[in-house]
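I opened this entry to keep track of what I look up, one item at a time. Overall build comes later; a single residue comes first.

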Amino acid sequence: MRHSAIDLDVDACTSCVICARACPAWCITIDAHNESVPDSDARRPRTVAVLDEFTIDWGLCMYCGMCIESCPFDALSWNDERVPDSETRTDLVSAWGSDGGR
């Protein structure tokens, strides 16, 4: 049985990790780094998390949608595409990078 895929809007993702924590299967991995935000009025430097890579392991995913429901930034959504059949376990992993591509 093939399921609908989950899609990521890279521009909306803040790397807050709420979706990964909400996932009961722990199939989401987020790699990010912090960058300083220039602000002349701040007493100490402010930083923001910048997404490096967002990964979903479809072999572990239960397609429950809890990650989609938990995202406060609407960065995750159901996609009309299907998760492709795979011959190997490594083909069941989708990754999005900071460049916006999958």
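D74 counts as exposed, because its relative accessibility is 61% and the cut-off for exposed is over 50%. I am working on a predicted model. I then asked where D74 sits. I found D74 in the loop between α2 and β4. Next I read its backbone angle. D74 is not a glycine, yet its phi is positive, at about 55°. I noted this because most residues other than glycine have a negative phi.

**Y63**

I looked up Y63 next. Y63 also carries a positive phi of about 55°, and it is not a glycine. The loop that holds Y63 runs between β3 and α2 (66-70). Is Y63 buried or exposed? I count Y63 as buried, because its relative accessible area is 19% and buried means under 20%.

**C61**

C61 lies in the loop between β3 and α2. I wanted its burial too. C61 counts as buried, at 12% relative accessibility. Which residues does C61 touch, leaving aside neighbours within four places in sequence? I found I6 and C27 in contact with C61. I also took a distance from C61 to R46. These two are 15 residues apart along the chain, and their C-alpha atoms are separated by 35 Å.

**T55**

I moved on to strand β3, which covers residues 46-57 and includes T55. T55 is buried, with 13% relative accessibility. I listed its contacts beyond four places in sequence. One set is C27, I28 and T29, and the other is V93, S94 and A95.

**V83**

I located V83 in the loop between β4 (76-82) and β5 (93-97). V83 counts as buried, because its relative accessible area is 7% and the cut-off is under 20%. I asked how far V83 lies from A22 in space. The C-alpha to C-alpha distance is 21 Å, and the two are 61 residues apart in sequence.

**Cavities**

How many cavities of 30 Å³ or more are there? I count two. I then checked its lining. 15 residues line the largest cavity. Nearest its centre lie C13, C16, C19, C71 and A75.

**The whole chain**

The chain has two helices and five strands. Along the sequence I read the pattern β-α-β-β-α-β-β. The C-alpha atoms fill a box of roughly 55 × 25 × 20 Å along the principal axes.

I then looked at burial across the chain. There are 102 residues, and 31% of them count as buried. The chain exposes about 6800 Å². Carbon and sulfur atoms supply 46% of that area.

What share of the contacts with a separation of 6 or more comes from residues 24 or more positions apart? I noted 69%.

I count 8 positive and 18 negative side chains. The centres of the two sets lie 7 Å apart.

Methods. Residues are numbered from 1 along each chain as its sequence is written. This is a predicted model: local features need pLDDT of at least 70, side-chain atom pairs count only at pLDDT 80 or more; totals for chains, interfaces and linings use all residues. Side-chain values use heavy atoms; hydrogens and water are left out. Helices (H or I, at least four residues) and strands (E, at least two) are DSSP runs, numbered from the N terminus. Buried means under 20% relative accessible area, exposed over 50%, partly exposed in between (1.4 Å probe, protein chains only). Contact means heavy atoms within 4.5 Å. Accessible areas come from the Shrake-Rupley method with a 1.4 Å probe; for residues, only the protein chains shown count as cover. Lys and Arg count as positive and Asp and Glu as negative; His and the chain ends are not counted. The place of a charge is taken as NZ of Lys, CZ of Arg, CG of Asp or CD of Glu. On a 1 Å grid over the protein atoms alone, a cavity is a set of points where a 1.4 Å probe fits but cannot get out, and a pocket is an open set with protein on both sides within 12 Å along at least five of seven lines; lining residues have an atom within 4 Å of a point. Grid points are joined across faces, edges and corners, and a volume is the space filled by probe spheres set on the points.
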